[in-house]
Amino acid sequence: MTKETRKIKEKTLLGRVVLILPEYIDKDVPFEKNKTCKVYHSRIPGIKDNGDIFAYLIGMDDISKERQCRIIGIVHGKEHDKLVAAPIGKVFDQMGIAEALNGKENDLELESYYHRSCGAVVYRWEGINEEYLILRGRRSNKWTFPKGHMEKGESERETAIREVFEEAGFTPCLEDTFREELHYRMSPVGEKTVVLFLAEYDGNIRVRADEIRAYAWADYDKAEKMLDHENFSRVLKRAHEAIINKHSGN
């Protein structure tokens with residue numbers, strides 16, 4: 001089986017709920033250097049055609065009891081893959097998994113069930129009305145706000161600033177009083193959290209051509225119609241209200 005074939009096969013396990021019994025867990029080898037989250041090795045039987053598969057188990061407070069867990073990540077190694085599982089209700093996005101593993105899987109490719117991106121609702125004034133910066137991605141072919149995945153060691157605001165710069169070519173000044181968080185399911189599998197800040201900008205836009213197909217400045221009504229997901233339309237509405245309140249002195 002080639003690496004690409006193996007990756008596709010393992011990816012179908014993301015999001016699956018499995019029962020972890022105490023006898024499956026190697027209780028003697030938590031990663032001792034990780035001060036914030038113990039990570040155990042666990043056996044998960046019966047979910048592969050060729051038998052058991054081994055996983056990192058994170059977020060487990062009590063390993064003496066059986067728990068329903070979700071497969072939330074896959075670490076792709078050179079010779080084998082290892083799953084990452086966590087109890088139902090414990091959410092670890094790509095950065096959370098990386099921090100939990102505490103560098104044990106450096107230089108290996110990681111896929112996650114939960115994703116977190118950060119970006120900004122960027123606006124400018126055109127006369128007495130505000131206009132919003134909307135980008136159309138090359139891969140998704142959808143209109144959205146500038147945003148992207150967090151990288152190791154970044155805060156939400158640092159990610160938002162970096163992503164706006166990479167996608168639109170300028171460094172935004174994020175406003176302090178606006179932060180909106182939205183959630184949606186990804187296709188074919190996964191769940192995503194997007195954190196958006198607010199920034200005013202009236203200058204040149206230089207989009208990253210390999211990622212962005214087009215950009216537009218659109219007034220509120222047009223932007224609402226252009227955005228491809230209703231959750232982003234709700235954030236647009238809250239941004240619009242925040243801008244009006246700010247400039248009316250409320």
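Modeller: Rings of Phe, Tyr and Trp (its six-membered ring) pair if their centres lie within 6.5 Å; planes under 30 degrees apart count as stacked, over 60 as edge-to-face and the rest as tilted. One aromatic cluster here is formed by Phe145, Tyr184 and Phe232. The model is predicted, so local features need pLDDT of at least 70 and side-chain atom pairs count only at pLDDT 80 or more, while totals for chains, interfaces and linings use all residues. Residues are numbered from 1 along each chain as its sequence is written, and side-chain values use heavy atoms, with hydrogens and water left out.

Biologist: What makes Phe145 and Phe232 an aromatic pair, and of which kind?

Modeller: Their centres are 6.1 Å apart, and the limit is 6.5 Å. The angle between the planes is 65 degrees, so the pair counts as edge-to-face, for which the angle must be over 60.

Biologist: Why is the pair of Phe170 and Tyr201 called stacked?

Modeller: The planes of Phe170 and Tyr201 stand at 5 degrees, with 3.7 Å centre to centre; stacked requires under 30 degrees, so the term applies.

Biologist: Why is Phe170 called buried?

Modeller: Buried means under 20% relative accessible area (exposed is over 50%, partly exposed in between; 1.4 Å probe, protein chains only). Phe170 has 4% relative accessibility and therefore counts as buried.

Biologist: How do you know that Lys82 sits over the ring of Tyr56?

Modeller: The criterion is NZ of Lys or CZ of Arg within 6 Å of the ring centre and within 35 degrees of the ring normal. Lys82 lies over the face of Tyr56 at 4.5 Å from the ring centre.
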